[in-house]
Amino acid sequence: MSVHAYAVERAGGPVQVRQYEPEPLGPLEVDISVTHCGVCHTDIGMIDNSHGISRFPVVAGHEAVGVITALGDAVDHSRLALGQRVGIGAYAGSCFACEWCMTGRQHLCPAGDATVFRGDRGGFATQLRASDWRHVHPLPDVITSEEAGPLLCAGATVFSAIVRHDVRPTDRVAVVGVGGLGHLAIQFLAKWGCHVTAVSRSAEKADDARRFGAHAVVTPHDGFEDLAGSFHFVLSTVSGDLPWDTYLNALRPQGTLCVAGVPDSSFTVHPLSILTGERKLAGGLTGTPAETRQMLDFAARHGIRPATETYPVSRINEALDHVRRGRARYRAVLEM
């Protein structure tokens, strides 16, 4: 069956429908018929070639939800079945043989199949193929397909940061940015049991942040410097530059600043911001298959859901521009 993909032929260009015939299905591969796909800031970066790594034509999309239409011969049929509702997130496969995969860190696999970096085989299409069935995630019934898409990347990224950095229910934490990642991070951390401070440039988002579970909301103009030594964990979800020394100094001794958003420029940090108090600066990637399944279970149990705006795929250019301008509240989702 022909695949209709929504491709961009040049940086920042309009989306055009592109048709292709898929290759024969491999033994570990799974095809899904896509019903919904979230629009992430990383998708915009690939479409606009913001990082100089895009290969055109680009079919973006890596928060895909749909139903299984084909299974390879080596797929575990006790886990996946034809017609089952599933999701494919930022990674559609990994080698499961390298040191990283063998120790449960598939997100670090050098041969990982990163969905958004494939070029012309992303989730903005009528069909998406996973190169390994172990990266295909069955979805809890209580999470709708519209809600599930953003959880598969944004949700998995912030949840994994909590797990990997051993955030405790008694910790005081800060989430920088109330956006696509940030509004989910606030929910996860609040349900985790933490005292959550949301940091946002927009005073208009204060009520939303509290609704998502934040106990306090501050803006950079409120004197964030006064919060020095306040937090065990700070999670930056913004796609921009920050006064990194200020945020490092907001940590308690041996606290962690985890950066999940992509800054525009190189980091500039005074050495004493890290050395004093043995503070840590860490990167944050999306979840492993095991972490993603834990995240879905946790979200289902605690009622954690993204705030979404749904667009029919016929309005894909409008949806992309909405996200590009930072106007989404808080995650745009395409309905195929």
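Which backbone oxygen does the side chain of histidine 183 reach? In this predicted model, the side chain of histidine 183 comes to 2.8 Å from the backbone oxygen of glycine 179.

**Around histidine 183**
- Histidine 183 belongs to helix α4, which spans residues 182-192.
- With a relative accessibility of 0%, histidine 183 counts as buried.
- Leaving aside residues up to four places away in sequence, histidine 183 touches Phe212, Arg305, Pro306, Ala307 and Tyr330.

**Helices α3 and α8**
- Helix α3 (residues 145-164) packs with helix α8 (residues 289-302) at an angle of about 100 degrees, and their axes are 9 Å apart.
- That angle makes α3 roughly perpendicular to α8.
- Residues making the contact include Leu151, Phe159 and Arg164 of α3, and Glu291, Met295 and Phe298 of α8.
- The contact residues divide into 8 nonpolar, 4 polar and 2 charged.

**Salt bridges**
- The whole structure holds 15 salt bridges.
- Arginine 129 and aspartate 31 form one at 2.7 Å, N to O; arginine 129 sits in strand β8 and aspartate 31 in strand β3, so the pair ties together parts 98 residues apart in sequence.
- Glutamate 147 and arginine 305 meet in another at 3.4 Å, N to O, and both residues are buried.
- Glutamate 291 and arginine 164 pair at 2.6 Å, N to O, linking helix α8 to helix α3 across 127 residues.
- Glutamate 291 is buried at 12% relative accessibility, whereas arginine 164 is partly exposed at 29%.
- Shared partners join Asp48, Asp321, Arg324 and Arg325 into one salt-bridge network.

How values were computed
Residues are numbered from 1 along each chain as its sequence is written. This is a predicted model: local features need pLDDT of at least 70, side-chain atom pairs count only at pLDDT 80 or more; totals for chains, interfaces and linings use all residues. Side-chain values use heavy atoms; hydrogens and water are left out. Axes are lines fitted to C-alpha atoms, for helices over the stretch in contact, and angles run from 0 to 180 degrees between N-to-C directions. Helices (H or I, at least four residues) and strands (E, at least two) are DSSP runs, numbered from the N terminus. Angles under 35 degrees count as roughly parallel, over 145 as roughly antiparallel, 65 to 115 as roughly perpendicular and the rest as oblique. Contact means heavy atoms within 4.5 Å. Ala, Val, Leu, Ile, Met, Phe, Trp, Tyr, Cys and Pro count as nonpolar, Asp, Glu, Lys and Arg as charged, and the others, Gly among them, as polar. Buried means under 20% relative accessible area, exposed over 50%, partly exposed in between (1.4 Å probe, protein chains only). A polar contact is a pair of N or O atoms within 3.5 Å; within protein, one must be able to donate a hydrogen and the other to accept it, and residues adjacent in sequence count only if both atoms are side-chain atoms. A salt bridge is a side-chain nitrogen of Lys or Arg within 4 Å of a carboxyl oxygen of Asp or Glu.
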